[in-house]
Amino acid sequence: MSELIPSPLVLNPDPVLNVEITEELISQHGILPDEYEQILKILGRVPNLTELGIFSVMWSEHCAYKNTRKLLRLFPTEKQDKESIGQVLVKAGDENAGVIDVGEGWGVAFKIESHNHPSAIEPFEGAATGVGGIVRDIFTMGARPILLTNSLRFGNLETKQVKRLFRGVVSGISHYGNCLGIPNMGGDVYFDDCYEGNPLVNALCAGVLRHEDIQKGAATGVGNPVYYVGPGTGRDGLGGASFASRELTEESAEDRPAVQKGDPFMEKLLLEACLEMMAIPGLVVGIQDMGAAGLTCSTCETASRGNSGIEIDLDLVPQRETGMNSYEIMLSESQERMLVIVKKGRERELEEVFEKWDLHAAHIGEVKNGDRMVVRHKGVVVADLPAKSLTDEAPVYDQPSKEPVHVTEARTWTDKSTPDIEIDSVEDALKNLLGHPTIASKRWVWQQYDHMVMSGCKIEPGSDAGVVRLSIAGIDKYLAIANDCNNRFCYLDPYKGAQIAFVECMRNLACSGAKALAVTDNLNFGNPNKPEAYYMLKECVKGLADACAFFDVPVVGGNVSLYNEHGNGAIDPTPVVSMVGLIDTQEQVTRSQIEEPGLAIVLLGGLPNELGGSYYLQTQFNKKEGKVPEVNLENEKNLQDLLLSQIEQGRIRAAHDLAEGGLLVGLSEMLFSGTNLGAKISISSNENAIRLDALLFGESQGRVLVAVSSADLDDLRKTSDLAAVSYHLLGKSDETGKIELEVDEQKISSLDVGDLKSVWANAIPNHMEPTKN
Amino acid sequence: MRVAILQFPGSNCDWDSEHAVADILDVPAARIWHKDKLPSETEAVIVPGGFSFGDYLRCGAIARFSPIMNDLKEFSEKGGQVLGICNGFQILCESGLLPGALIRNECIDFRCLNQELKVEDSNEYFNTKILGKKLVLPIAHGEGNFRADEATLSSLEENDQILLRYESNPNGSMNDIAGIRNSTGNVYGMMPHPERSVAPHHPCLDGLPVLKAFLAPLLTSRPTEISSS
């Protein structure tokens, strides 16, 4: 290394940055020796410290997907069906978010992103800025955000620490999203010991836009001015590079917030100002938000996409702290900022919009010929790098992978080692399930989110999917959204587990009447340098990719969060699948809850008969073991096609997919909305002898409960036969307030729906009562 | 334009309000930026919900200093119809156009739900005969806990200035108060969101009669306009 010529750049105006690049510094930046060699080759010289910082963030897993890029190529990113080609308007990875066509000239931009580590340290701000970041990704595309959801994972809710994290995360999301005025449709929340100390906070945003209004994150047109808009840059968010706080100044790390601080009011102003600016025809050339790696990422990515050079002057960057050096300004992750490239000569038009909204709009540089990203500070060049080397030339790794032994062992459990449930234990087992925080009502969560603002909420959170009317686009169509991922299945069998996440998500959409359009995924895994963790990642991606291809539902964007580890090792693999679907008319919007007595209740897809990995094993025996339920994609497709066609014909009064907790939990949930609703249920297992616990609580896939009027029963049975979907008439809803349950003509139990509901409804509030903290 | 919807930085129910008045009730409405003048043809003003100025300091405490608030005061003193919804209600209280104050919910947390409300017999436009005894309207707020001193509270009660009360109090408001009017009867404030309950895809349509009751005085001369919906 030492023979190489030193940086030819003049010395940085801040002397603390003029240090020799030692091996220690390189490793503190998370850059491997081979990677450093590559940097030397690219530059033909030694980088200075600012440049090293820039490489370290751009080549981080977060920005460069070093360990996942190859795997992510497995995902289909376009529709294959001939009639639907072109439905993906912006593909995964091309811009800040993918965009899918929803007809009538409108598109939906949507994406999910994680903010796990910040939320583990500071749950309120971590979660809040997670929402802020994903919302910027959406309006950067030119879209008006219309909904938010979250996928949240926490440890055991019995512990004080988890209660603190849970409360903090939910109020952070509530604080930020409510202020922005974007309805939050809930999402999913799971509680499992594996997330102890490492909660997951994945935030999703979707927005609508006209096809012709899609914005690009590219810097083009030599001489076009580059603007910085939004509040000033501070030292916050430098935490990722903890080095910066320790080595560069006298201040201690404690003095600097490791987590960015969000200001939803600023974001609201930025959102409105940007949309107002983008509505001016031909003004904006390119736009990109300053998220991870802030000014660094937005400048080099826009230049790289535009095949241009870019030059910025840090003296012109609005700053809210004094004495910041180039390293700090370039790496700051201060929130609510954007980079905008506008047409030369039309600067005033941009400035007027931002003046109206009382926001900074600083002209900090311009688009240049060539391919360099040049950064000036106090009159000297402090960084001069080929933009594409930062965005496209990061190393890509294939990590060694190995199936974890503990998982193969856990899979060996069979139900033979456990006796079937006693009849008089059914009620207790059901209540234990309904009271498990993962299964219990999440009203405590979504009641803190404004889900009705924008006047579009059609199905409130808590049903199988959240549904909003595309009112803001002025069209009478409905967008449905669902998130899913049962970590227990992914832990026991990552390939099948990921497929289950996919089919369950799609089934949730189908239950609400929606045809799936596209997926955004959030891959939450452990340290990819450990072969066991990489194996989990690889298998999950394969499983998911195969399911996407089978159903022709492309992935239009997503996020990867690795290194989710804590004292006890990695989290369970958690590939969160989020899917949007479209419902054409209001009449087809279907709820999961039965609203009236006298409806026939039918189970489609067959009687459940598998116990492996179920929540029943968790709540009864504290086991995360067994063989994961079978996933048959063909059967799943038949089931969902049947369901959607029956909904289209107006036959389905309620539909609810069976998931965590199985048949009896699903049936109970369907009856919780009405007053005094009950059901008389008689299950005949005739052909096979099924274990009672597997029937009532097993989590076999591809099962949906539907409620139909008796007049439609015949047709449903015939159509099911034709579609090769197993059909079981279970009984009828009534007004007894009780579930009278018999199996093979043997009375099992008489369950009071009010009692069950109270267990289900109060589980989380009881945990979260202030006195119990 | 007949109805002005004020737009402050941070307002986020301005679009909903405009949609409800202009598209559903078919009364011309427009959003008016807080730095602009209130147009002279304005017949009614809605101060919409949201987080004006990020709720910094106190909800509504900064918005009351916006330039348009001078026009609004003048407009209301001349008897113009004003309705503050949620953050709009907070702004009207902060600016003294309505008595009392709205503080943090007793339960601390933000609450978003469909709320049952009891209608009070307040005046010729807002009463149980026209609106029915009960309504269901969405609420969505963290600071809707209505407070007033004893004297104010009893004068509100004595003068029939209460518009709406909560059925099961979600925020700790005194006397279960969800909405009030001023003594002259032209300035209304309420925490529930009538503009979110006006269209067939909403859970119910109870917001329609509330908005109609508010707009009734200015539309009595042309009653067809408002009853056509």
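Two strands are said to pair if DSSP finds at least two bridges between them. Helices (H or I, at least four residues) and strands (E, at least two) are themselves DSSP runs, numbered from the N terminus. The structure is a predicted model, in which local features need pLDDT of at least 70 and side-chain atom pairs count only at pLDDT 80 or more, while totals for chains, interfaces and linings use all residues. Residues are numbered from 1 along each chain as its sequence is written, and chains are lettered from A and ligands numbered from 1 in the order in which they are written.

In chain B, strand β4 (residues 81-85) pairs with β11(B) in the parallel sense over 4 bridges, and B:Ile85 has B:Met190 as its bridge partner. Strand β10 (residues 177-181) of chain B runs antiparallel to β11(B) and is joined to it by 3 bridges; here B:Gly179 stands opposite B:Met190. β10(B) and β11(B) form a hairpin with 5 residues between them, and B:Gly185 in the turn has a positive phi of about 90°.

In a regular strand the side chains alternate between the two faces of the sheet. From strand β11 (residues 187-190) of chain B, B:Val187 and B:Gly189 point one way and B:Tyr188 and B:Met190 the other way. All of these are buried, a term for residues with 20 or more other C-beta atoms, placed from the backbone, within 10 Å of their own.

Chain A contains 26 helices and 28 strands. Its radius of gyration, taken over C-alpha atoms, is 27 Å, close to the 28 Å that the globule rule (2.2 Å times the number of residues to the power 0.38) gives for 773 residues, so chain A is as compact as a globular protein of that length. Of the 773 residues of chain A, 60% count as buried.

Within chain A, 7 strands form an open sheet with mixed pairing, in the order β23-β25-β22-β26-β24-β27-β28. Its edge strands, β23 (654-657) and β28 (746-752) of chain A, each pair on one side only. Inside the sheet, strand β24 (residues 678-683) and strand β26 (residues 727-734) of chain A pair in the antiparallel sense over 4 bridges, with A:Ala679 opposite A:Ser733.

Finally, the two chains meet. Two residues are in contact if their C-beta atoms, placed from the backbone, lie within 7 Å. The contact takes 24 residues from chain A and 21 residues from chain B. On the side of chain A that touches chain B, α8 (160-180) and α10 (264-278) of chain A are the elements that give two or more residues.

How values were computed: Buried ≥ 20, exposed ≤ 12 C-beta atoms within 10 Å, placed from the backbone.
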